[in-house]
Amino acid sequence: MVGFGGKLYLFGGRIGNKSAVSDLWEFDLRSEEWTEIKYGEGPGARYGHSATVIGTSRHPCFVVFGGAQKEKAFGDIWGFDFESRSWE
């Protein structure tokens, strides 16, 4: 989970001890409401990954690194552009 611009962003995770998910959620700290962010191509379902916000104040990016799904470990890096609301 990362925070940016008065909102929290939550990507992926695991449901119990079973399936990994690739959902991306935004929590507005002001209204206290969750919104699922729908996107096209993006990182595969995973849990145990790292996340942070990098970039400049004019062009910040939510970055996800690594993680796992069942027996598979990931070493990839994905960036979510807050402005275009898409993964790169």
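**Briefing: an eight-stranded predicted model**

The accessible surface of the protein comes to about 5,700 Å², and 50% of that area belongs to carbon and sulfur atoms. Accessible areas come from the Shrake-Rupley method with a 1.4 Å probe; for residues, only the protein chains shown count as cover. This is a predicted model: local features need pLDDT of at least 70, side-chain atom pairs count only at pLDDT 80 or more, and totals for chains, interfaces and linings use all residues. Residues are numbered from 1 along each chain as its sequence is written, and side-chain values use heavy atoms, with hydrogens and water left out.

**Overall build**

- The protein has eight strands and zero helices. Helices (H or I, at least four residues) and strands (E, at least two) are DSSP runs, numbered from the N terminus.
- Along the sequence the pattern reads β-β-β-β-β-β-β-β.
- The C-alpha trace spans about 40 × 25 × 20 Å along its principal axes.
- The radius of gyration is 13 Å, which agrees with the value near 12 Å that a compact globule of 88 residues would have. This radius is taken over C-alpha atoms, and the globule rule is 2.2 Å times the number of residues to the power 0.38.
- Of the 88 residues, 34% are buried. Buried means under 20% relative accessible area, exposed over 50%, and partly exposed in between (1.4 Å probe, protein chains only).
- Among contacts with a separation of 6 or more, 34% join residues 24 or more positions apart. A contact means heavy atoms within 4.5 Å.

- Four strands form an open sheet in the order 1-2-3-4, with antiparallel pairing. Two strands pair if DSSP finds at least two bridges between them.
- Strand 1 (2–4) and strand 4 (33–36) stand at the edges. Each has a single partner strand, so one side of each is left without a neighbour in the sheet.
- Neighbouring strands of this sheet are turned by 25° against each other on average, direction ignored. The axes are lines fitted to C-alpha atoms, for helices over the stretch in contact, and angles run from 0 to 180 degrees between N-to-C directions.
- Strand 3 (residues 20–28) pairs with strand 4 over four bridges, in the antiparallel sense.
- Glu26 stands opposite Thr35 in strand 4.

**Val21 in strand 3**

- Val21 lies in strand 3. Val21 is buried, with a relative accessible area of 17%.
- Not counting residues up to four places away in sequence, Val21 touches Gly12, Gly13, Ile15, Ala45 and Arg46.
- Val21 and Gly44 are 23 residues apart along the chain, and their C-alpha atoms are separated by 7.9 Å.

**The strand 5–strand 6 hairpin**

- Strand 5 and strand 6 form a hairpin, with four residues between them.
- Six bridges join strand 5 (residues 50–55) to strand 6, and the two run antiparallel.
- Ile54 has Cys61 in strand 6 as its bridge partner.

**Positive phi in two loops**

- Most residues other than glycine have a negative phi.
- Lys70 is not a glycine, yet its phi is positive, at about 55°. Lys70 sits in the loop between strand 6 (60–69) and strand 7 (72–81). With 71% relative accessibility, Lys70 counts as exposed.
- Arg85 also has a positive phi, near 55°, in a residue other than glycine. Its place is in the loop between strand 7 and strand 8 (86–87). Arg85 counts as partly exposed, at 33% relative accessibility.
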